[in-house]
Structure formats: C-alpha cells, structure tokens
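Take the fold as a whole before turning to single residues. The text below goes from the chain to its surface and then to one helix.

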Amino acid sequence: MTAPTSPRIDQHPDIMALRAHSEETTATPAAQAVEAFAILCGVYLAASPWIAGFNGSTTLAINNLICGIAFACLVGGFGPAYERTHSMSWAALVLAAWTIAAPWIVAGHAFATRAGVSNVVVGVLACLTALALAGLGVSRARRL
C-alpha cells in the first residue's frame, strides 16, 4: 500500500482552528463560572426533593432526580470538549424548561408549594445558564 499524500483529517487547518477557538472559549473565567453554576443547578435539581422537602411526591422526586443528573451530565461536557458538545446546550435548555413545567404535569395538583417554587427557580436559572453556554461560542466568534 502507498502512504497517504495528504495529512490526516485531525490535522486539517479548519479543524485545528475550530479546536483553538473552542479552547479559547472555554478557558475564560466567565465560561468556567457559567459551566460550574450549570453543574450546580443540575446537582441541586437532582437533590431538591430532599433539600426542599417534597420527597413524598414520588413521581416528581424521581423526575427531578433523573432530570438533574441528565442536566449535570449534559453541561459537564462543555469544558473538556466544547467543540463537540456545545450544541447539547439546547437539550439542556429543554430539560430546564421541563423542570419549570414538571410540577404541574407530573404531579398534578398534589405537589407542595415548595416543590413548585423550587422547580421554577432552579428551572429559570438552568435556562439562563443553558442559554449562556449556547451563546459562548457565538459571542466569542463575533469578537474575533
């Protein structure tokens, strides 16, 4: 067999530039703070039934546990692999929006007020952080 005459795809100049752009985007203190806050939102959402005291509502507690873990896992990949995971912030945004609506959809009218308040507050914060993570690459590209 003959040796390839062109460089490997991972050495392509466009891919190298994309990786450099992604590294610059996630290396800023603001980006790291947003990612850390987003992970904290996911961890709080997962633990919120026991923190806020509505673990008696089993369906909502399980929903929050699953959504919180999923949200934390989605946003946790941004730092080490932003170029491959930045589009997942839209999935995180959907999970955050679901968090806001879940007390009324999953638990119906049987949920406690503290469950609704907890979910709405963490859902709004998670929406804002997901939007901020989605906008990191866009704002960085506009400055260049």
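Among contacts in the protein chain (heavy atoms within 4.5 Å) between residues at least 6 apart in sequence, 68% join residues at least 24 apart. This is a predicted model, in which local features need pLDDT of at least 70 and side-chain atom pairs count only at pLDDT 80 or more, while totals for chains, interfaces and linings use all residues. Residues are numbered from 1 along each chain as its sequence is written, and side-chain values use heavy atoms, with hydrogens and water left out.

Of its 144 residues, 38% are buried (under 20% relative accessible area; exposed is over 50%, partly exposed in between, with a 1.4 Å probe and protein chains only). The accessible surface comes to about 8200 Å² (Shrake-Rupley method, 1.4 Å probe; for residues, only the protein chains shown count as cover), and 70% of it belongs to carbon and sulfur atoms.

On that surface, F37, V117, V121, V124, L125 and L128 form a nonpolar patch with about 480 Å² of accessible area together. Patch residues have over 30% relative accessible area and no salt bridge, and nonpolar side chains (Val, Leu, Ile, Met, Phe, Trp, Tyr) are joined within 5 Å. A salt bridge is a side-chain nitrogen of Lys or Arg within 4 Å of a carboxyl oxygen of Asp or Glu. Helix α6, residues 113-143, gives the most to the patch, with five residues.

V121 lies in helix α6 and counts as partly exposed because its relative accessibility is 45%. S118 is also in helix α6, but counts as buried because its relative accessibility is 7%. Leaving aside residues up to four places away in sequence, S118 touches Y44, S48, A52 and F54.

How values were computed. Patch = residues over 30% accessible without salt bridge, like charges linked within 9 Å, V, L, I, M, F, W, Y side chains within 5 Å. Helix = DSSP H or I, 4+ residues; strand = E, 2+ residues; numbered from the N terminus.
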